[in-house]
Amino acid sequence: MSRQANRGTESKKMSSELFTLTYGALVTQLCKDYENDEDVNKQLDKILFSHFLPRGYNIGVRLIEDFLARSNVGRCHDFRETADVIAKVAFKMYLGITPSVTNWSPAGDEFSLILENNPLVDFVELPDNHSSLIYSNLLCGVLRGALEMVQMAVEAKFVQDTLKGDGVTEIRMRFIRRIEDNLPAGEE
Amino acid sequence: MADAALFEFLHTEMVAELGAHHSDPGPGVSAGVWGEKVGSGGGQKMSLSVLEGMGFRVGQALGERLPQETLAFREELDILKFLCRDLWVAVFQKQMDSLRTNHQGTYVLQDNSFPLLIRMASGLQYLEEAPKFLAFTCGLLRGTLCILGIKSLVTASVASLPTCKFQVVIQKT
């Protein structure tokens, strides 16, 4: 391989890790904030839950524009199509992995994304007593924010995590309702 | 593959936290990185130095992932050129626009359209906000230099968005 080609590959690898490295540094910083504080440790999961979700939501709200511009994906007709786009296009584009879509509910309003590893926490070592599910809430926020911008109210949560010793990482997505445009007052 | 966009949006959220208002946690309690309550034992608010510190760790991690042959630099200038070319392309998908030095351990790296400033209006309107968007990257440069065996001080200045200059001063031990 020529030196030029080597350089290109290395650059690509470095940039693909930049997000996960930065997120890892952020999580590590948060752990440091609490390592000496016993009182807060009990509240920690709740506190972090309440902070990562809205930040993730903000990211999702912007990310969807970027995604739609790059991917040329048309409007999804149902939740199944949405699931496929999330797994095969969006995850692939931003995190370089393709989760599998499984465990559909009979009503077709819930499914699971199964990942072999948790993509967000490659570079984070979590202290034993903290739930890793909470750190991954950023991703749940991203999914929620992005889908809300395309008129879907959903719930996303991690139900299994390899970081906790589970065999796989599983995100459960639930369709709540379609978000209709608001009607002017008096016409409801 | 994973996108610069995700990193940029996360970076924006981290910077936004600098200005976020959180209700006073009460006596004996301070605010943590994201404003949450922390007991008297620890906690520091999101600050420029916290951002710089996170950038430093990321810069070190990126530096550690370099293939061995790129680490066989002969001269200090080669290392700075590497930052301007390979590192900048890997992180920001473009090269640094200019590199100047006084050949006495001070380097000025100029980016005429720094991607983390691009989304803000050009010119002087957001000049006051600009340093917040540079702290992480200063740390990034400092961290990669550290892995390459160079101790440095990195600061940044903006005269007019989106152009910015990173000043690297090599620390002789």
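Biologist: Which residue of strand 6 of chain B stands opposite B:S157?

Modeller: B:K165 does. This is a predicted model, where local features need pLDDT of at least 70, side-chain atom pairs count only at pLDDT 80 or more, and totals for chains, interfaces and linings use all residues. Residues are numbered from 1 along each chain as its sequence is written, chains are lettered from A and ligands numbered from 1 in the order in which they are written, and side-chain values use heavy atoms, without hydrogens and water.

Biologist: What makes strand 5 and strand 6 of chain B a pair?

Modeller: Strands are DSSP runs of E with at least two residues, helices runs of H or I with at least four, both numbered from the N terminus. Two strands pair if DSSP finds at least two bridges between them. Strand 5 (residues 152-160) and strand 6 (residues 163-170) of chain B have seven, in the antiparallel sense, so they pass that test.

Biologist: How many residues lie between the two strands of this hairpin?

Modeller: Two residues lie between strand 5 and strand 6 of chain B. B:P162 is in that loop. A cis peptide bond joins B:L161 and B:P162, with omega about -10°. Most peptide bonds are trans.

Biologist: Why is B:L124 called exposed?

Modeller: Exposed means over 50% relative accessible area, buried under 20%, partly exposed in between (1.4 Å probe, protein chains only). B:L124 has 57%, so it is exposed. B:L124 sits in the loop between helix 4 (115-118) and helix 5 (135-147) of chain B.

Biologist: What does B:L124 contact, leaving aside neighbours within four places in sequence?

Modeller: B:A159 and B:S160. Contact means heavy atoms within 4.5 Å. B:L161 is 37 residues from B:L124 in sequence, yet their C-alpha atoms are 6.5 Å apart.

Biologist: Why is B:H11 called buried?

Modeller: Its relative accessible area is 1%, so B:H11 counts as buried. B:H11 belongs to helix 1 (residues 4-19) of chain B. B:H11 touches B:L116, B:F133 and B:F136, not counting residues up to four places away in sequence.

Biologist: Why is B:Q93 called partly exposed?

Modeller: Its relative accessible area is 47%, so B:Q93 is partly exposed. B:Q93 lies in the loop between helix 3 (76-92) and strand 3 (98-101) of chain B. Its phi is positive, about 60°, although B:Q93 is not a glycine.

Biologist: Why is A:Q151 called partly exposed?

Modeller: At 27%, A:Q151 falls in the intermediate class, so partly exposed is the word. Phi of A:Q151 is near 70°, a positive value in a residue other than glycine. Most residues other than glycine have a negative phi. A:Q151 is in the loop between helix 5 and strand 3 (152-160) of chain A.

Biologist: What is the pattern of chain A along the sequence?

Modeller: The pattern is α-α-α-β-β-α-α-β-β, with five helices and four strands. Of its 188 residues, 48% are buried. Among contacts with a separation of 6 or more, 62% join residues 24 or more positions apart.

Biologist: How do you know that strand 2 of chain A is mostly covered?

Modeller: Five of the six residues in strand 2 (residues 110-115) are buried. Strand 2 pairs with strand 1 (residues 100-102) of chain A in the antiparallel sense over three bridges, where A:S100 stands opposite A:I114. Strand 2 also pairs with strand 4 (residues 169-178) of chain A in the antiparallel sense, over six bridges. There A:L115 stands opposite A:T169.

Biologist: What makes up the lining of the largest pocket, by class?

Modeller: A pocket is an open set of points on a 1 Å grid over the protein atoms alone, where a 1.4 Å probe fits, with protein on both sides within 12 Å along at least five of seven lines; lining residues have an atom within 4 Å of a point. This lining has 23 nonpolar, three polar and two charged residues. Ala, Val, Leu, Ile, Met, Phe, Trp, Tyr, Cys and Pro count as nonpolar, Asp, Glu, Lys and Arg as charged, and the others, Gly among them, as polar.

Biologist: Which lining residues lie nearest the centre of the largest pocket?

Modeller: A:I64, A:F67, A:I86, A:A146 and A:L147. Helix 2 (38-71), helix 3 (79-95) and helix 5 (137-148) of chain A each supply at least two lining residues. Helix 3 of chain A gives the largest share, seven residues.
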